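I opened this notebook to record what I looked up in the structure shown below. The entries follow the order in which I consulted it.

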Amino acid sequence: MSEDLHALQRRLAEFAAARDWQQYHTPKNLAAALSVEAAELVEIFQWLTPEESATVMSDPRSAGRVEDEVADVLAYLLQFCEALGIDALTALAAKIERNEKRFPAVRRARPDRADRTAEPDDREEGEG
């Protein structure tokens with residue numbers, strides 16, 4: 001990334017201040033704006049098949065729309081965090097750590113080794 005989150009937050013704050021928009025950047029308003037922008041991102045994918053959604057970035061027009069909405073979502077999220085004094089990266093790291101404990105990794109069997117719970121000696125009479 002070319003700029004860190006704090007630098008981007010400063011740029012966003014300066015942009016808003018130059019337009020006297022800080023009065024509107026309350027946590028409530030920013031949360032609502034974030035929700036609206038996330039919905040606009042969802043709208044791009046709303047009627048696509050899973051296969052179409054996986055290739056949306058291959059079309060320059062749709063890729064531009066996705067990138068714009070991602071930027072809007074991130075901008076409002078960073079402004080929301082700034083308004084409440086949340087360090088987004090610290091919050092994310094803490095959440096990942098909690099999720100790692102809450103949802104331990106599941107060891108998966110290799111595809112070439114099928115689950116063999118019923119060994120010949122364990123079969124019920126009349127099986128196999």
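I began with a definition: I took contact to mean heavy atoms within 4.5 Å. I noted that the model is predicted, that local features need pLDDT of at least 70, that side-chain atom pairs count only at pLDDT 80 or more, and that totals for chains, interfaces and linings use all residues. Residues are numbered from 1 along each chain as its sequence is written, and side-chain values use heavy atoms, with hydrogens and water left out.

Entry on the whole chain. I took helices (H or I, at least four residues) and strands (E, at least two) as DSSP runs, numbered from the N terminus. I found five helices and zero strands in the protein chain. The chain has 128 residues, and 14% of them count as buried; buried means under 20% relative accessible area, exposed over 50%, and partly exposed in between, with a 1.4 Å probe and protein chains only. Among contacts between residues at least 6 apart in sequence, 65% join residues at least 24 apart.

Entry on Gln79. I located Gln79 in helix 4. Is Gln79 buried or exposed? Its relative accessible area is 12%, so Gln79 is buried. Leaving aside residues up to four places away in sequence, I listed Leu12, His25 and Leu30 as what Gln79 touches.

Entry on Leu30. Leu30 counts as buried because its relative accessibility is 2%. Beyond residues up to four places away in sequence, Leu30 touches His25, Tyr76, Gln79, Phe80 and Ala83. I also looked up Leu30 and Leu78: 48 residues separate them in sequence, and their C-alpha atoms are 9.5 Å apart in space.

Entry on the helix pair. Two packed helices are described by the angle between their axes and the distance between the axes. Axes are lines fitted to C-alpha atoms, for helices over the stretch in contact, and angles run from 0 to 180 degrees between N-to-C directions. Helix 2 (residues 27–45) packs with helix 4 (residues 60–84) at an angle of about 160°, and their axes are 9 Å apart. Helix 2 is therefore roughly antiparallel to helix 4, a term for angles over 145 degrees.

I then listed the residues that meet: among them are Leu30, Leu34 and Leu41 in helix 2, and Tyr76, Gln79 and Phe80 in helix 4. By class, this contact of helix 2 with helix 4 has 17 nonpolar, one polar and five charged residues. Ala, Val, Leu, Ile, Met, Phe, Trp, Tyr, Cys and Pro count as nonpolar, Asp, Glu, Lys and Arg as charged, and the others, Gly among them, as polar.

Notes:
Parallel < 35°, antiparallel > 145°, perpendicular 65-115°, else oblique.
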